[in-house]
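Dear colleague,

Please find below the structure that I am handing over to you. My notes on what was found in it follow directly after.

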Amino acid sequence: MTDTAETIFKRLRDLPSTHLLGTGTPMCAGCGGLQALHQIYDIIGEKSVFINAAGCMTLLSVFPFTPFRGSWLYTAMASAPAGAQGVRDALDILLQQQRIAAEEDMEVVVLTGDGAAYGMGLSSTSGAMERDLDFLYICYDNEGYGNTGQQYSGATPHAALTSTSKGPRGFSGFKKDLFSIWAAHEPAYVATVIGTEPLDLARKIDKARNMTGPRMIIALAPCPTGWDYDPKQSVDIGKLAVRTGIWPLKEYENGKVVHTKIPKQRKPVEEYLQCQGRFRHLFEPQRNDELIDALQAKVDSYWRDITE
Amino acid sequence: MYRIRFHGRGGQGMKTASRILGTAFFLEGYEVQDAPRYGAERRGAPIFAYVRADHAAINERGIIQHPDLVIVADDSLVPVAGAGVVTGIDAHTVLLINSDEPPELWKQRLNFAGQVFTLPVETEDRAELRFIGATCSGAAARLLGVITRASLSQAITEELQALGDAVVDKNLAKALTAYDLMEAHRGCVGTSSKVSATDYQNPAWVNLPFDDARIAAPAIHAAATSVQVNTGLWRTLRPVIDYELCNKCWWICSSFCPDGAIDVDDKGVPHIDYDHCKGCMVCVAQCPPHAIASVPEQEAQAQDAAGEVT
Ligand SMILES: Cc1ncc(C[n+]2csc(CCOP(=O)(O)OP(=O)(O)O)c2C)c(N)n1
Ligand code: SF4
Ligand SMILES: [Mg+2]
């Protein structure tokens with residue numbers, strides 16, 4: 001077990017200053033998912049195999065281009081964790097037969113969007129945790145099916161406009177609590193991160209890297225295209241997600257959930273909503289106080305009893 | 001038949017522009033085909049849209065090779081080979097470019113015999129960029145000469161209704177201003193004749209032999225080959241660091257740059273990789289001492305060129 005005292009990431013100055021992930025990828029300018037991924041990749045390192053389900057990040061590796069320094073495998077949208085099982089098994093057999101040395105072993109990393117993680121891929125993820133698969137799962141959560149034009153997914157927040165939830169009240173469903181769903185399987189580790197809190201992210205990835213078993217990460221990924229804002233605001237919006245309490249930073253380990261950052265004076269969620277086109281209908285043409293208050297109340301009730 | 005090709009960057013509203021123009025044609029009683037096309041790349045990368053309109057049924061499909069009218073939302077796309085702005089144009093083609101540079105200069109630069117019209121770039125403010133689509137469709141409607149103000153207005157209202165009255169009004173104002181601006185050139189775009197399947201010429205195919213999977217499977221053996229892709233071409237604004245102001249904080253621009261295109265050297269000095277910076281401007285927004293300025297890419301390139309001369 002590691003805690004923050006043991007991590008090599010103690011101060012912001014400990015963050016990597018040069019980057020491993022190749023530039024020149026087709027992700028949108030200002031993509032919050034790519035921001036988190038490049039930070040994560042700096043820590044996981046090049047001795048890794050990425051197993052990727054369909055989504056924006058599939059386009060990272062389009063022949064003959066890839067930003068990765070290790071291998072990459074593409075699976076159907078629902079089955080990246082099953083793909084990871086195959087890769088892990090293959091590596092284990094190679095190790096067992098001494099066809100590769102222990103230091104040649106690789107970290108098996110699943111990379112999917114929220115559409116796969118919260119929906120289509122949930123069953124195969126559950127199975128992988130049940131089998132105690134030794135892997136790292138990274139879900140970049142842009143709260144919709146980004147690659148196909150931002151249809152709503154199981155991760156879309158209440159009231160958000162997507163291409164399949166239009167109209168004055170936006171999405172009628174509620175964002176699933178994937179953190180709790182995953183934690184209920186009692187895997188080795190579950191954490192939420194965001195690229196706009198790079199030190200918190202680095203500590204968690206470093207911790208996960210040094211564990212075995214299923215290690216599950218959800219990165220909120222501000223998405224200029226799907227959320228409708230100018231790309232330069234990406235970091236401001238991510239920071240607001242944390243400061244308003246919309247995106248709690250936390251980790252699960254040994255049956256216990258700990259918040260790694262409890263916003264002291266939470267800003268009103270309105271500040272977060274107002275700067276995104278997908279929530280514009282809450283403010284224009286008339287302000288919808290009822291919906292804004294309901295969204296605030298949900299966040300308040302989440303934090304009411306949180307002390308650690 | 002009219003064949004119209006739109007060029008823009010993802011996020012500049014060219015898909016909407018083509019829909020507006022297509023709907024306006026339809027309201028004028030035309031048969032219409034309207035299709036956007038984009039590849040794996042997203043916001044900032046070149047995208048295309050095509051409109052065909054005719055009084056008879058349209059049997060032609062696919063990309064438009066020989067356009068009657070080419071509309072360019074962003075003049076920085078013209079020199080980008082992958083954007084294919086000048087593909088298949090000839091003296092019959094009319095070019096409409098959103099550019100502050102005069103039409104004569106474009107004609108000379110492109111050695112182009114057809115007509116060129118420009119729409120003034122209104123502002124450096126990216127928030128206004130969302131209206132380029134409406135502006136382009138308004139100007140195009142007038143150049144075509146067969147679309148009335150009323151049909152154009154109705155098309156915009158229909159296409160943008162879901163976004164609310166304020167958005168519709170703003171787009172209407174932009175489109176109608178552009179429509180009026182092109183009054184003197186109404187009807188300058190002509191039609192061209194139908195292509196027949198018998199005229200079709202096969203592209204020059206390259207025949208690849210059928211190899212064993214170990215040879216033919218698309219495997220990549222080198223690391224990080226994506227650096228071969230020059231995403232710096234997506235940029236319309238360039239972040240420029242003033243090293244006098246930079247306080248060498250070490251991590252902010254370098255960690256926040258989504259693309260990892262900013263590295264910090266041993267002395268704590270950040271360097272931006274302009275071959276790959278997509279111009280999202282996150283670094284400009286986050287730098288605490290405001291040491292990073294946002295310079296229009298064309299201005300920056302002009303400065304580079306001047307620097308090389310001296
Ligand atoms: C089984 C299946 N259904 C639909 C698709 C089409 N598809 C490709 S990417 C995508 C969106 C995935 O959304 P998400 O996992 O959130 O990733 P994002 O695109 O947002 O990065 C969809 C629906 C697919 N590839 N496979
Ligand atoms: S659509 Fe969103 S998540 Fe996908 S590449 Fe663009 S910014 Fe990133
Ligand atoms: Mg998604």
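In chain B, 48% of the 310 residues count as buried. Please bear in mind throughout that this is a predicted model. Chain B contains 9 helices and 10 strands, and its C-alpha trace spans about 70 × 60 × 45 Å along the principal axes. Among the contacts in chain B with a separation of 6 or more, 69% are between residues 24 or more positions apart.

Helix 4 (residues 149–160) and helix 5 (residues 165–181) of chain B pack with their axes 10 Å apart and at an angle of about 150 degrees. Angles over 145 degrees count as roughly antiparallel, and helix 4 and helix 5 of chain B are therefore roughly antiparallel to each other. Their crossing is right-handed. On the side of helix 4 of chain B, the residues that meet helix 5 are Arg149(B), Leu152(B), Ser153(B), Ile156(B), Thr157(B) and Leu160(B). Helix 5 of chain B contributes Val168(B), Asn171(B), Leu172(B), Ala175(B), Leu176(B), Tyr179(B) and Asp180(B) to this packing.

I turn next to the aromatic rings. The count comes to 12 aromatic pairs over all chains. One of them joins Phe50(A) and Phe68(A): the ring centres are 4.3 Å apart and the planes stand at 20 degrees, so the pair is stacked, given that planes under 30 degrees apart count as such.

In chain A, the charged end of Lys250(A) sits over the ring of Phe179(A), at 4.4 Å from the ring centre. In chain B, the charged end of Arg109(B) sits over the ring of Trp106(B), at 4.6 Å from the centre of that ring.

Which residues is Cys139(A) in contact with, leaving aside its neighbours within four places in sequence? They are Thr112(A), Gly113(A), Asp114(A), Ala117(A), Tyr118(A), Trp182(A), Ile217(A), Ile218(A) and Ala219(A). As for Gly30(A), which lies 109 residues from Cys139(A) along the chain, the C-alpha atoms of the two residues are separated by 18 Å.

Finally, some points concern the backbone of chain A. Most residues other than glycine have a negative phi, and most peptide bonds are trans. The following residues depart from that pattern.

- The peptide bond from Phe63(A) to Pro64(A) is cis, with omega near 0 degrees. Pro64(A) is placed in the loop between strand 1 and strand 2 of chain A.
- The peptide bond from Glu284(A) to Pro285(A) is cis as well, with omega near -10 degrees. Pro285(A) lies in the loop between helix 9 (269–274) and helix 10 (289–303) of chain A.
- Gln150(A) has a positive phi, near 55 degrees. This residue lies in the loop between strand 4 and helix 5 (178–183) of chain A. With a relative accessible area of 6%, Gln150(A) is buried.
- Ala159(A) has a positive phi near 80 degrees. Ala159(A) lies in the loop between strand 4 and helix 5 of chain A. At 0% relative accessibility, Ala159(A) counts as buried.

With kind regards

Definitions and conventions. Residues numbered from 1 in each chain as written. Chains lettered and ligands numbered in written order. Predicted model: local features only at pLDDT ≥ 70, side-chain atom pairs only at ≥ 80, totals over all residues. Heavy atoms only, no water. Phe/Tyr/Trp six-rings, centres within 6.5 Å; stacked < 30°, edge-to-face > 60°. Lys NZ or Arg CZ within 6 Å of the ring centre and 35° of its normal. Axes fitted to C-alpha atoms, helices over the stretch in contact; angles between N-to-C directions. Helix = DSSP H or I, 4+ residues; strand = E, 2+ residues; numbered from the N terminus. Parallel < 35°, antiparallel > 145°, perpendicular 65-115°, else oblique. Left-handed = near helix turned anticlockwise from the far one by under 90°. Contact = heavy atoms within 4.5 Å. Buried < 20%, exposed > 50% of the residue type's maximum accessible area, 1.4 Å probe, protein only.
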